[in-house]
Amino acid sequence: MQPTAPELEILKQLWHSQPKTARELHDEVEKILGWSYSSTRKTLERMGDKGLVAMEFSGNKKIYFAKVDKVKTLAAFAQDFAKRVFEIDGPLPIAMFTDSRLIDDSEIADLEKLLHDLEQDSSKEQQGK
């Protein structure tokens, strides 16, 4: 399941540090999305239904965790964006991720492998048509 752009913003906050409460997440994404607190809570509920986040209780507060792997999610998102928006059918250059604040050096190799695997799977699907 690929997250929407707003869902990706919430996931990015969780990938940086988790768990977080809905209020903590809202305080971060409000700067980017301009949402009300109720919109953030509703989005977290939908993300839970989609399997993107997990919710637990810590005392009387709900805390949220990312359930999806950061590198796999970003690889799928990047490949989909490159194909849909830029109509790139070939492999994505891994150099475009080297200055990312979201991915560290240890994750770059994993991302490169996943992008390669996604490209191979996409090529096989097109050959089968």
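**Exercise 1.** Determine whether K12 is buried, partly exposed or exposed, and identify its salt-bridge partner.

*Solution.* Step 1: K12 has a relative accessible area of 25% and is therefore partly exposed; buried means under 20% relative accessible area, exposed over 50%, and partly exposed in between, with a 1.4 Å probe and protein chains only. The model is a predicted one, in which local features need pLDDT of at least 70 and side-chain atom pairs count only at pLDDT 80 or more, while totals for chains, interfaces and linings use all residues. Residues are numbered from 1 along each chain as its sequence is written, and side-chain values use heavy atoms, with hydrogens and water left out.

Step 2: The partner of K12 is E9, with the closest N and O atoms 3.3 Å apart. A salt bridge is a side-chain nitrogen of Lys or Arg within 4 Å of a carboxyl oxygen of Asp or Glu.

Step 3: E9 counts as buried, at 16% relative accessibility. Because E9 and K12 are three residues apart in helix α1, about one helical turn separates them. Helices (H or I, at least four residues) and strands (E, at least two) are DSSP runs, numbered from the N terminus.

**Exercise 2.** Find how many salt bridges the chain has, and describe those formed by E7 and K70.

*Solution.* Step 1: The count comes to seven salt bridges.

Step 2: E7 pairs with K50, and their closest N and O atoms are 2.8 Å apart. This pair links distant parts of the chain, E7 in helix α1 and K50 in helix α3, 43 residues apart. E7 is buried at 3% relative accessibility, whereas K50 is partly exposed at 32%.

Step 3: K70 forms a salt bridge with E107 (3.0 Å, N to O). K70 lies in helix α4 (residues 70–86) and E107 in helix α5 (residues 105–128), so that the pair links distant parts of the chain, 37 residues apart. K70 is buried with a relative accessible area of 14%, and E107 is buried with 15%.

**Exercise 3.** Describe how α1 packs with α3 and which residues make the contact.

*Solution.* Step 1: Two packed helices are described by the angle between their axes and the distance between the axes. For α1 and helix α3 (residues 37–50), the angle is about 90 degrees and the axes are 11 Å apart. Axes are lines fitted to C-alpha atoms, for helices over the stretch in contact, and angles run from 0 to 180 degrees between N-to-C directions.

Step 2: α1 and α3 are therefore roughly perpendicular to each other, a term for angles of 65 to 115 degrees.

Step 3: E7, I10 and L11 of α1 meet T43, L44, M47 and K50 of α3, where contact means heavy atoms within 4.5 Å.

**Exercise 4.** Locate P19 and K20, and state what surrounds K20.

*Solution.* Step 1: P19 is in the loop between α1 (5–16) and β1 (20–21). A cis peptide bond, with omega about 0 degrees, joins Q18 and P19.

Step 2: K20 lies in strand β1. Leaving aside neighbours within four places in sequence, the contacts of K20 are Q13, L14, L25, E28, K62, I63 and Y64.

Step 3: K20 is buried yet has no salt bridge, and the nearest side chain of opposite charge, E28, is 5.3 Å away. Here Lys and Arg count as positive and Asp and Glu as negative; His and the chain ends are not counted.

Terms used:
Angles under 35 degrees count as roughly parallel, over 145 as roughly antiparallel, 65 to 115 as roughly perpendicular and the rest as oblique.
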